[in-house]
Amino acid sequence: MNIHISKNPADLGEISGQKAAELIRSAIAEKGFANVILATGASQFGTLQTLIDNKDIDWSKVTMFHLDEYIGLPLSHPASFRKYLKERFLDQVPPLKASYLIDGEVNPEEECARLGALIQQLPIDVALVGIGENGHLAFNDPPADFDTENPYIVVNLDEPCRRQQMNEGWFPTLEDVPKQAISMSVKQIMKTAHLICSVPDLRKAQAVKDCLEHEVSNLYPASILQKHPNCSLYLDELSASLLSQ
């Protein structure tokens with residue numbers, strides 16, 4: 001794992017976003033297209049903005065999937081990840097070749113099957129991911145399913161995960177946070193050629209320490225990133241502050 005420690009979240013977003021842009025351009029130059037996975041949440045603000053600012057990416061050759069979405073949350077809700085990606089990314093760049101957003105308002109098992117059939121046809125070049133305060137990867141909360149071959153799965157959200165969403169301001173109370181979501185599975189994420197993992201802020205410091213300094217375990221879901229051959233982890237001084245070295 002390549003670990004980069006920036007001074008602050010702004011620097012982190014600039015460096016991680018530039019790396020993502022470089023990998024997308026390289027895939028297009030090599031193959032004529034690129035397939036990407038985009039994450040959402042506060043940790044991705046800077047990374048996505050830097051990606052948008054790279055005006056020389058030919059987005060018409062890029063196909064996008066996204067990591068996760070709450071079940072039952074309407075597109076109009078401020079916490080909708082579809083809304084997030086539409087407003088913060090898709091509306092800010094030229095039209096993509098294709099974009100496959102998760103619809104949490106339809107039958108979740110059918111939606112998992114629909115997206116799974118699509119992503120299995122398209123090897124992924126670059127994925128932007130983060131690490132949750134509980135160590136989750138996408139919405140794979142501990143103990144995460146490391147074994148399923150299904151690309152997308154229905155997951156139950158634990159209280160630390162739901163509390164994080166409330167504390168970040170996406171929901172007014174804990175009871176308002178949905179208890180289930182559709183998430184890309186751990187195995188599907190690990191099939192990506194290059195992972196860009198952006199993890200700013202002090203509140204992520206314990207999760208970063210757990211996922212880097214423990215043995216790989218589904219109790220620390222993002223610890224699986226230790227096994228990926230091309231994972232770049234972008235931290236800031238606060239999120240890296242509890243690391244032993």
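The legends below accompany several close-up views of this predicted model.

In this predicted model, local features need pLDDT of at least 70 and side-chain atom pairs count only at pLDDT 80 or more, while totals for chains, interfaces and linings use all residues. Residues are numbered from 1 along each chain as its sequence is written, and side-chain values use heavy atoms, with hydrogens and water left out.

**View 1. The largest cavity has a volume of about 250 Å³.** Of its 22 lining residues, T40, G41, S43, H136 and Q164 are the closest to the centre. A cavity here is a set of points, on a 1 Å grid over the protein atoms alone, where a 1.4 Å probe fits but cannot get out, and lining residues have an atom within 4 Å of a point. Grid points are joined across faces, edges and corners, and a volume is the space filled by probe spheres set on the points.

View 2. Strands β2 (34-38) and β6 (126-129) each supply at least two lining residues, and β2 gives the most, with three. Helices (H or I, at least four residues) and strands (E, at least two) are DSSP runs, numbered from the N terminus.

**View 3. The loop between β6 and β7 (152-156) holds P143 and A138.** Look for the cis peptide bond that joins P142 and P143, with omega of about -5°. A138 is not a glycine, yet has a positive phi of about 55°. A138 is also buried, at 8% relative accessible area (buried means under 20%, exposed over 50%, partly exposed in between, with a 1.4 Å probe and protein chains only).

**View 4. E149 and K187 form a salt bridge, their closest N and O atoms 2.7 Å apart.** This pair links distant parts of the chain, with E149 in the loop between β6 and β7 and K187 in helix α6 (residues 186-190), 38 residues apart. A salt bridge is a side-chain nitrogen of Lys or Arg within 4 Å of a carboxyl oxygen of Asp or Glu. Both partners are partly exposed: E149 has a relative accessible area of 47% and K187 one of 30%. The structure holds 15 salt bridges.

**View 5. In helix α4 (residues 108-119), R114 and E111 lie three residues apart, about one turn of the helix.** Their side chains meet in a salt bridge of 2.8 Å, N to O. R114 is partly exposed at 37%, whereas E111 is buried at 5%.

**View 6. Helix α7 (residues 205-213) contains C211, and K209 and E213 are found four residues apart in this helix.** K209 forms a salt bridge with E213, with 2.7 Å between the closest N and O atoms. C211, by contrast, is buried, with a relative accessible area of 2%. The C-alpha atoms of C211 and G135 are 6.7 Å apart in space, although the two residues are 76 apart in sequence.

Terms used
On a 1 Å grid over the protein atoms alone, a cavity is a set of points where a 1.4 Å probe fits but cannot get out, and a pocket is an open set with protein on both sides within 12 Å along at least five of seven lines; lining residues have an atom within 4 Å of a point.
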